[in-house]
Amino acid sequence: MDQALQDLRDLIYADKEEVVLWMNTVGPYHNRQETYKYFSLPFCEGSKKTISHYHETLGEALQGVELEFSGLDIKFKDEVMQTTYCEIELDKPKRDAFVYAIKNHYWYQMYIDDLPIWGIVGEADENGEDYYLWTYKKLEIGFNTNRIVDVNLTSEGKVKLVPNTRIAMSYSVKWKKSDVKFEDRFDKYLDPSFFQHRIHWFSIFNSFMMVIFLVGLVSMILMRTLRKDYARYSKEEEMDDMDRDLGDEYGWKQVHGDVFRPSSHPMIFSSLIGSGCQIFSVSLIVIIVAMIEDLYTERGSMLSTAIFVYAATSPVNGYFGGSLYAKQGGRRWIKQMFIGAFLIPAMVCGTAFFINFIAIYYHASRAIPFGTMVAVCCICFFVILPLNLVGTILGRNLSGQPNFPCRVNAVPRPIPEKKWFMEPAVIVCLGGILPFGSIFIEMYFIFTSFWAYKIYYVYGFMMLVLVILCIVTVCVTIVCTYFLLNAEDYRWQWTSFLSAASTAVYVYMYSFYYYFFKTKMYGLFQTSFYFGYMAVFSTALGIMCGAIGYMGTSAFVRKIYTNVKID
């Protein structure tokens, strides 16, 4: 809280008080994540050296924010006419560095008072023979009373890059009164025409129609068929043994002695369900926080919030994973707790570690500092693990008793042969199509805000899509499981999890389409960054969908077997 008040005080200026221009990063326009320190290009610094210290947050460190002082002397409401602040001695290596940057459309980012400003390094002539550097930064800063509410940069002063010459870099500052409120100063960076496009509204409406159709279909199938099934089973109760032996016995009632048999590999299964429940709770909380607070106004705040919420919701993982493992008769609960606690962090950190090697090789600002790695490891061992332990103990003691409505037979029943489309593998492949169909338009908007230069701010849409995704996933897995049990196949736990989780495969396939047709990314670093983190995103989404699908199906299975009379 004190830090927040301090930050607020920092944003209120007295006349002629120092205003800091931070240089952040420079990099190719088409590769948003491939960024380097601003001064990795041979720019020169201003003469002013003393500066109040800047504190970096965890989210900023992980996102490769590298703020360096520009050395430009800017004071609040103090106009500066065009002034040369330094000169670049352009030898051949420096010229080559600038030419490479201009060829690859390098542009840089700066910050004044937390407001981002972008500028292009230079440009080439039409023939691509001569290259020009923009040398004059023309800053126009809008203020409302004693606060900065608007910053604009115009690049001028085009100078041809000729080896062994001196290039003078200059800047000017113009102050103008603005009516923009301080709270609304980020609105100009948002793109309502993109995010609130008719297609976006149409896709949400379309998904809602699908939800209503699916829920109607599921309830109709289940109510009609279950009513028939119950009627058939109660008629069978009234037959004598001779009739029943002659009659056709088929359907989901026949597997009542096996349906609550523990799944294969219960340790991994319960860890995945626990992790999925945690990812769902993190998504829900972060979206709600983002709807209430404008997280996009602070650098790295979205990532910092997500890490904090993930650590704080660890008991959810322990509770659901631990209780499910206990219900399935698992004995090695400490091992299960470790797997559950470190499943997602290990996946994310493993991918980050691999990409970090490439970032270090490229000298990119995305290379995660050693101190930040230590901080993340400390969060895993000293926050996530103990909270997971608390959740596991609560889960085992509060809801770890296997109170199934039917007894489990000692000998597993043989699974009869069935048509090819009833096989679990086929059900798993088809199960993810409808959930993916309900979210793929939203995926385009989320991908564009992450991989291109849009700020995602329509979290209300995201909340609706999350709700739609949950309903569609549960409906689809219930129908899949009903067909599977009717074919007298009782291996429904993994099937319900994987048929919902297969959404992730379709999302990852869509990310390939997005990479090749919607972006102009190139180079090893950006490509590995894209596909590495897309794999992490898709896997996390798959685990979340799988857990949602399993939880819904589990409630359904318990319900139908509670209502049927078993001898």
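Trainee: How many aromatic pairs does the structure hold?

Mentor: It holds 64 aromatic pairs. A pair means rings of Phe, Tyr or Trp (its six-membered ring) with centres within 6.5 Å; planes under 30 degrees apart are stacked, over 60 edge-to-face, the rest tilted. This is a predicted model, where local features need pLDDT of at least 70, side-chain atom pairs count only at pLDDT 80 or more, and totals for chains, interfaces and linings use all residues. Residues are numbered from 1 along each chain as its sequence is written, and side-chain values use heavy atoms, with hydrogens and water left out.

Trainee: Why is the pair of Tyr444 and Tyr514 edge-to-face?

Mentor: Because their planes sit at 65 degrees, with the ring centres 6.1 Å apart.

Trainee: Which helices do Tyr444 and Tyr514 lie in?

Mentor: Tyr444 is in helix α13 (residues 433–451) and Tyr514 in helix α16 (residues 503–518), so the pair ties together parts 70 residues apart in sequence. Helices are DSSP runs (H or I, at least four residues), numbered from the N terminus.

Trainee: Is Tyr514 buried or exposed?

Mentor: Tyr514 is buried, at 2% relative accessibility. Tyr444 is partly exposed, at 26%. Buried is under 20% relative accessible area, exposed over 50%, partly exposed in between (1.4 Å probe, protein chains only).

Trainee: What about Trp492 and Tyr550?

Mentor: Those two are stacked, 5.7 Å centre to centre, with 5 degrees between the planes. Trp492 is buried at 3%, and Tyr550 is buried at 6%.

Trainee: New topic. Where does Arg147 lie?

Mentor: Over the face of Phe182, 3.9 Å from the ring centre. The cut-offs: CZ of Arg or NZ of Lys within 6 Å of the ring centre and within 35 degrees of the ring normal.

Notes:
Helices (H or I, at least four residues) and strands (E, at least two) are DSSP runs, numbered from the N terminus.
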